[in-house]
Amino acid sequence: MKFVKIANYILSGFCIAGLSACSGDDSADKPAQNSIPTAVPQINAAVAFSGALSQVNQSTASRYIKNGVYSSIAQYAYQTAVPSAPAENLKGDFSTTNTQEAGIDEADRLEYDGNTLYVAAYAEWLNDAHSPAHVRVLQRNDDYSLSQVAELPIALESGNIDGIYLNNDRLAVLSSEGYRYTFDRLMESSWGTFDNKFSLDLYNTSEVTAPVLLSNMQFDGSLLSSRRIGNALYVISSFTAHVEGLNLNASTDAERLDNYRKIVATSDDELMPKVHVDGQAISLFSAEDCAIPTQATEKDGYAQLLSVVKINLLDPNDIVASCISAMAELMYMSADSIYLGATVNDQTALHKVSLATATPGYQASGLIDGVIGWQSQRELKLSEQDGFLRVLTTDYTGASPVHHLSVLNQNGNELKVVASLPNSSQPEPIGKPGEEIYAVRFMGHKAYIVTFERIDPLYVLDLADPYSPKVAGALEIPGFSSYLFPMENNYLLGVGQQVNAANIPDTGSVLDEPVTQEGMKISLFDVNDPANPIEINSIIMAQAYTPVEYDYRALSALNTGGDYQFALPVEEWGQSEGELGIWWARSSLLLLQVNTNTDQPILMQNKQIHVPNPTDYYIYSGDDRSVIHGEHVFYIHGNQVWHSLWHDELKPAGPY
């Protein structure tokens with residue numbers, strides 16, 4: 001196996017910002033790795049550092065990681081003792097996964113190549129029968145019906161599939177033990193269980209009726225996110241270094257000293273995450289490859305490692321990796337870089353990893369005012385264009401949220417803020433007092449931002465000059481959009497909710513959840529004149545929502561020369577009449593169409609595909625997906641697939 005270990009880095013504490021060069025000398029005051037401690041160490045709690053980092057000697061790096069292990073154990077004892085893509089990548093005659101950036105694929109539960117549909121079927125427990133997670137392989141027949149030709153199990157018996165990728169004849173299946181969300185959707189605790197594992201199964205699908213398993217890789221830690229560019233799969237994961245047999249409830253000096261001695265006596269290799277390739281265990285990192293911040297003293301440490309692993313889908317033995325020891329709440333990836341972000345008090349720390357070299361390598365860090373927050377789809381608040389990183393954050397330290405646009409550029413190993421909004425020449429705030437950000441979309445040299453409290457302003461930002469951004473225009477309409485999809489000819493599709501503004505007080509506080517939601521709202525915006533954006537028309541469905549509001553991958557879009565077809569899952573609810581008044585929910589697929597080439601484009605509702613639930617149990621519509629193939633539509637609801645024509649009103653065929 002070819003395993004390259006270059007550009008492996010470990011950063012500081014919870015987050016590090018403003019990093020520059022640091023020394024790696026062997027100072028006499030730094031004890032050797034295996035020296036026996038004689039007193040209980042006074043290890044600092046993990047903190048946010050700013051300053052330099054570089055590779056240091058093995059003993060210093062080893063001490064830093066082991067101090068982090070001890071710090072995490074001490075923290076545990078204390079806690080237990082005290083109660084308490086946009087349109088441009090959608091070319092061809094069938095839709096593909098809706099992504100943030102063109103050419104950068106994102107994991108989802110289905111893949112389609114025009115002939116074969118791959119569906120990640122999640123685990124089910126029905127009538128005391130258990131069906132484990134697996135991948136269904138369905139071949140398209142000439143009449144567009146489907147025939148299942150294979151079923152692929154996953155290596156983790158109790159696992160669920162996080163997502164799949166398809167590139168030519170390579171199918172990659174990512175799965176984790178248990179059921180958890182990646183931090184693209186929900187960030188899990190940084191101090192999770194120590195024995196988490198996730199798996200990557202790589203198949204050759206050149207013969208779809210009998211896919212061949214090329215490699216199974218099992219990684220120590222938790223899967224956080226992933227992306228694919230061409231044949232390169234990038235996997236970001238988290239691992240917490242730990243030592244078995246420690247007294248987690250140590251309360252006396254003797255017990256604490258015994259813990260620390262066990263940690264110091266542990267070999268560095270035992271503290272590193274492993275990848276098990278077809279049963280062969282290999283460490284992803286070595287302590288001597290790691291770097292720590294200049295400001296870290298001999299009393300500092302951190303045990304959590306974030307790994308950026310690059311896997312060649314054509315050669316599963318070709319794996320390279322880098323590592324950052326920091327907490328990350330989100331990941332954004334452009335064609336050139338990966339950015340990992342985390343909250344430091346009321347600021348956001350960002351770490352840049354370059355994709356320009358054979359091995360992803362740490363480049364720089366920066367610190368900006370405000371936090372990314374949890375409102376809306378968070379990764380959409382970051383965008384890189386021509387080497388400039390644009391980030392939208394919110395400052396909650398005052399009586400009302402204040403929103404900032406920061407433009408950063410790399411200078412050495414520092415991400416420096418070169419421009420911001422508002423500023424002295426552009427003092428107009430982004431949003432009115434009290435408004436939250438509900439949707440953000442960067443497209444080239446423009447950004448579109450939706451804020452909301454009582455009314456929905458759509459802001460258009462001009463970013464053509466990265467050193468002088470400005471607000472170009474704004475539009476106020478009822479309701480709000482949670483997701484914006486850019487189209488050719490300067491049009492936007494907005495997906496969100498309609499709100500009855502008459503029931504919102506003119507003054508005073510507004511509830512976190514908007515008052516009197518009238519239903520799902522899909523809007524078509526004309527942004528040809530940035531100074532005067534226009535809402536052309538909208539479609540409203542009462543007592544309904546679409547998962548696209550929270551996960552843009554649920555939207556399918558097919559662009560045929562500016563003529564767009566859209567499919568999005570919808571969940572409606574209501575209450576039956578009578579004394580019981582039982583609440584009900586039903587799922588469907590809504591088909592929409594708009595031609596941006598006409599003089600007066602209009603958003604049109606084509607039809608709504610209703611299918612029965614396969615069981616009496618509620619099926620979450622957030623996992624519903626679809627594929628548009630010309631005049632044909634495949635709708636995935638639960639683990640079943642249905643087929644319908646775009647224009648007919650016949651019942652859908654299936655389930656398959």
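The structure is a predicted model, in which local features need pLDDT of at least 70, side-chain atom pairs count only at pLDDT 80 or more, and totals for chains, interfaces and linings use all residues. Residues are numbered from 1 along each chain as its sequence is written, and side-chain values use heavy atoms, with hydrogens and water left out.

I begin with the sheet of six strands. Its order is β11-β12-β13-β14-β17-β18, and this open sheet is paired in the antiparallel sense. Strands here are DSSP runs of E with at least two residues, numbered from the N terminus, and two of them pair if DSSP finds at least two bridges between them. At the edges stand β11 (159–167) and β18 (280–283), each with a single partner strand, so one side of each has no neighbour in the sheet. On average, neighbouring strands of this sheet are turned by 20 degrees against each other, direction ignored; the axes are lines fitted to C-alpha atoms, and angles run from 0 to 180 degrees between N-to-C directions. Within the sheet, β14 (residues 212–220) and β17 (residues 274–277) are joined by three antiparallel bridges, and M217 has V277 of β17 as its bridge partner.

I turn to the sheet of three strands. This open sheet runs β43-β44-β45, again with antiparallel pairing. Its edge strands, β43 (625–629) and β45 (640–645), each pair on one side only. The twist from one strand to the next averages 20 degrees. Five bridges link β43 to β44 (residues 632–637), and S626 stands opposite Y635 in β44.

Next comes the hairpin. β22 and β23 form it with three residues between them. Four antiparallel bridges connect β22 (residues 330–333) with β23 (residues 337–344), and M331 faces L340 in β23. From β22, L330 and Y332 point one way and M331 and M333 the other, yet all are buried, that is, under 20% relative accessible area with a 1.4 Å probe, protein chains only.

Finally, the pocket. What volume does the second largest pocket hold? It holds about 510 Å³, a volume being the space filled by probe spheres set on the grid points, which are joined across faces, edges and corners. A pocket is an open set of points on a 1 Å grid over the protein atoms alone, where a 1.4 Å probe fits, with protein on both sides within 12 Å along at least five of seven lines; lining residues have an atom within 4 Å of a point. Of its 28 lining residues, T96, D105, E111, L166 and R228 are the closest to the centre. At least two lining residues come from each of β5 (110–112), β11, β15 (222–229) and β43.

Notes. Buried means under 20% relative accessible area, exposed over 50%, partly exposed in between (1.4 Å probe, protein chains only).
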